[in-house]
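Here's a quick briefing on a protein chain, covering its fold, its strand pairing and its salt bridges. Have a look at the model first, then read on.

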Amino acid sequence: MATFRDLSCMTIPEVNAIPQDLENISASTAEPKASQCALSIVVPCHNEEQVLPETARRLQAVLDPLVEKGLIVDPKIFFVDDGSTDDTWLTIETLASEDPRVHGLKLSTNFGQQNAILAGLLTAPGDILISIDADLQDD
């Protein structure tokens with residue numbers, strides 16, 4: 001049975017009529033607003049030690065303005081080590097020691113990307129959960 005999280009923190013303004021002039025739509029009426037939504041990003045990793053510092057830096061650079069604007073609270077980045085044979089786990093531990101938003105989950109062996117994503121999604125807290133590859137692609 002599927003379980004759905006309560007997304008009552010997301011509010012979408014009601015639209016009473018379609019404006020005749022689309023240029024008059026302001027960002028405040030066109031985009032949903034978050035109210036105290038916690039965000040977690042799940043990043044499956046397999047032998048990614050070389051890209052993780054840059055991945056963490058770029059994700060942090062995206063999260064910081066979202067927090068400053070009040071769009072999200074308590075963001076977290078969950079790196080899931082999917083049985084890497086290089087120093088991926090050591091890199092995750094280092095990143096986590098430098099930034100309290102960074103967390104790691106180490107799988108005992110290589111279970112595959114989809115299972116690593118699932119493990120991360122089942123572990124990471126938050127109202128909004130996003131997964132992205134360690135190279136910041138989603139393919």
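A contact here means heavy atoms within 4.5 Å. With that in hand: among contacts between residues at least 6 apart in sequence, 76% join residues at least 24 apart. Bear in mind that this is a predicted model, where local features need pLDDT of at least 70 and side-chain atom pairs count only at pLDDT 80 or more, while totals for chains, interfaces and linings use all residues. Residues are numbered from 1 along each chain as its sequence is written, and side-chain values use heavy atoms, with hydrogens and water left out.

**Overall layout**

- The chain has 4 helices and 6 strands, taken as DSSP runs numbered from the N terminus (helices are H or I with at least four residues, strands are E with at least two).
- Reading from the N terminus, you get the order β-α-β-β-α-β-α-β-α-β.
- Of the 139 residues in the chain, 33% are buried; buried stands for under 20% relative accessible area, exposed for over 50%, and partly exposed for what lies in between (1.4 Å probe, protein chains only).

**Strand E4 and its partners**

- Strand E4 spans residues 73–82 and is mostly covered, with 8 of its 10 residues buried.
- E4 pairs with strand E3 (residues 38–45) in the parallel sense, over 7 bridges; two strands count as paired if DSSP finds at least two bridges between them.
- E4 also runs parallel to strand E5 (residues 102–107), and 6 bridges join them.
- Phe-78 is a handy landmark: this E4 residue is the bridge partner of Val-42, and Phe-78 stands opposite His-103 in E5.

**Crossovers**

- E3, H2 and E4 form a right-handed β-α-β unit. Right-handed means that, with the strands pointing away from the viewer, the path from the first strand over the helix to the second runs clockwise.
- From E4 the chain goes through helix H3 (residues 88–98) to E5, and this β-α-β crossover is right-handed too.

**Salt bridges**

- The model holds 5 salt bridges, each being a side-chain nitrogen of Lys or Arg within 4 Å of a carboxyl oxygen of Asp or Glu.
- Glu-54, Arg-57 and Arg-58 are linked in a salt-bridge network.
- In the Arg-57 to Glu-54 pair, the closest N and O atoms are 2.5 Å apart. How far apart are these two along helix H2? Arg-57 and Glu-54 are 3 residues apart in H2 (residues 52–68), so about one helical turn separates them.
- In the Arg-58 to Glu-54 pair, the closest N and O atoms are 2.8 Å apart. Both residues sit in H2, 4 residues apart, about one turn of the helix.
- Buried or exposed? Arg-57 is partly exposed at 46% relative accessible area, Arg-58 is partly exposed at 45%, and Glu-54 is partly exposed at 33%.
- Lys-76 forms a salt bridge with Asp-74, the closest N and O atoms being 2.9 Å apart. Here Lys-76 is buried at 16% relative accessibility, whereas Asp-74 is partly exposed at 49%.
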